[in-house]
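Please look at the sequence and the 3D structure shown here.

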Amino acid sequence: MILLVVLGWLSFNIKFLSPVARAIQGFSLSDMYYEIDWQEEGSPEISKEITLIDITELTNRAEIAGVIEDVRKCEPSVIGVDIIFEDQNYDMHGDMVLMDVAESSNAIFAKKLTDYNVKTNSFQNQTRSYFATDRIKEGYVNAIGDMSSTCLRKFSIERSLRGEPQRSFTSLIAEAYSGRSIPTNKTDDRFINYRFIDFPVVSYDSVLANRDLIKGRAVLIGTINEEADMHFTPLGKMAGLKVQAYSVQTIIDLKDIETIPKDLLMVLSILICYITVLLQFHWIRFIKASEKPFCVFLANSNLFLRFITFTWLAILALMTYIAYERLSLYIPMALILTPVILVAEARGIYKAIISGLVKARPDSIFNKSPYLKL
């Protein structure tokens, strides 16, 4: 077991000895859980808190400003604009109109934190709209802190820009809608709950005709069909605006997916690994107690040993799914599977060491070790 713990520690902490860690870096069982949920029969629940306004076809800034103004007239609880207008363009009139609406609408606009520094866990720069001032509310739209993942599974509440705290776009929207303060002392990324829910989408040219889908809601304005703003998620490719909506919904519903602490995960991994070894050992001893040819075959077959192991792991996977569904608790099975995978190697090294001791001293107590028969 000591050897197993050492191997497990090395696999996650020594870069050139971590093929398993690298292999599972982009894997999460939560993706499978969402897929199971979305394969249920029937239509998804439609959100009553969030509405999306699609302005994919609009490029004229004066027209975009007009959409924001139309949304404001429908009396939403909060308006979020998930677009960054970086530079002024040739249409000075459109720039001025958009600037006036941005200052008067009390909407929350997007910005992006850039140049992430791993050592300081802080961003060094930001990209903002040309009209950004202290009077205009802004929140960063980075889906996760360092933007290092290819699949968007998490969001954050607060990040650092050159040592100064910055609030996320989603947290500001959720806070304005719910009217409750959101704790910002947690800097860890939080799982987006892609539960079985969808959001009503209103086209930019039918805002006033859909007042009932806007009044009193959190309204997010952005692009739905813009390829440049599509991202990979556990549900497949998805518009960034929709990812933001799921993040806001997660905060509003207070349905965060919690992850067990790392220290507890390490203890759980070692415990499950130990139980796996005990199951393998005692089942083989039980089978060997029979002299029937088929039982002898099973006792000496690696296939049977694998069957026992995979059956046990399947039971564990089912238990983690139940914990996820009933308790909103995510247990990273990939990290638990790693030491189990290393069991065979650890056992092989152990048997090699004992075999060497037996050959060196035939009368040694190691010659009577029952584990050599495992």
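**Aromatic rings and a buried serine**

Tyr194 and Tyr246 are both buried, where buried means under 20% relative accessible area, exposed over 50% and partly exposed in between, with a 1.4 Å probe and protein chains only. The model is predicted: local features need pLDDT of at least 70, side-chain atom pairs count only at pLDDT 80 or more, and totals for chains, interfaces and linings use all residues. Residues are numbered from 1 along each chain as its sequence is written, and side-chain values use heavy atoms, with hydrogens and water left out.

Rings of Phe, Tyr and Trp (its six-membered ring) pair if their centres lie within 6.5 Å; planes under 30 degrees apart count as stacked, over 60 as edge-to-face and the rest as tilted. By this rule there are six aromatic pairs. One of them, Phe109 with Phe131, is edge-to-face, at 5.1 Å centre to centre and 75° between the planes. This pair links distant parts of the chain, 22 residues apart: Phe109 is in strand S4 (residues 108–117), and Phe131 is in the loop between strand S5 (122–127) and strand S6 (137–140). Helices (H or I, at least four residues) and strands (E, at least two) are DSSP runs, numbered from the N terminus. Phe109 counts as buried because its relative accessible area is 1%; Phe131 is buried at 3%.

Tyr194 and Tyr246 form a tilted pair, 5.2 Å centre to centre with 55° between the planes.

Ser247 lies in helix H7 (residues 240–253). Its relative accessibility is 3%, so Ser247 counts as buried.
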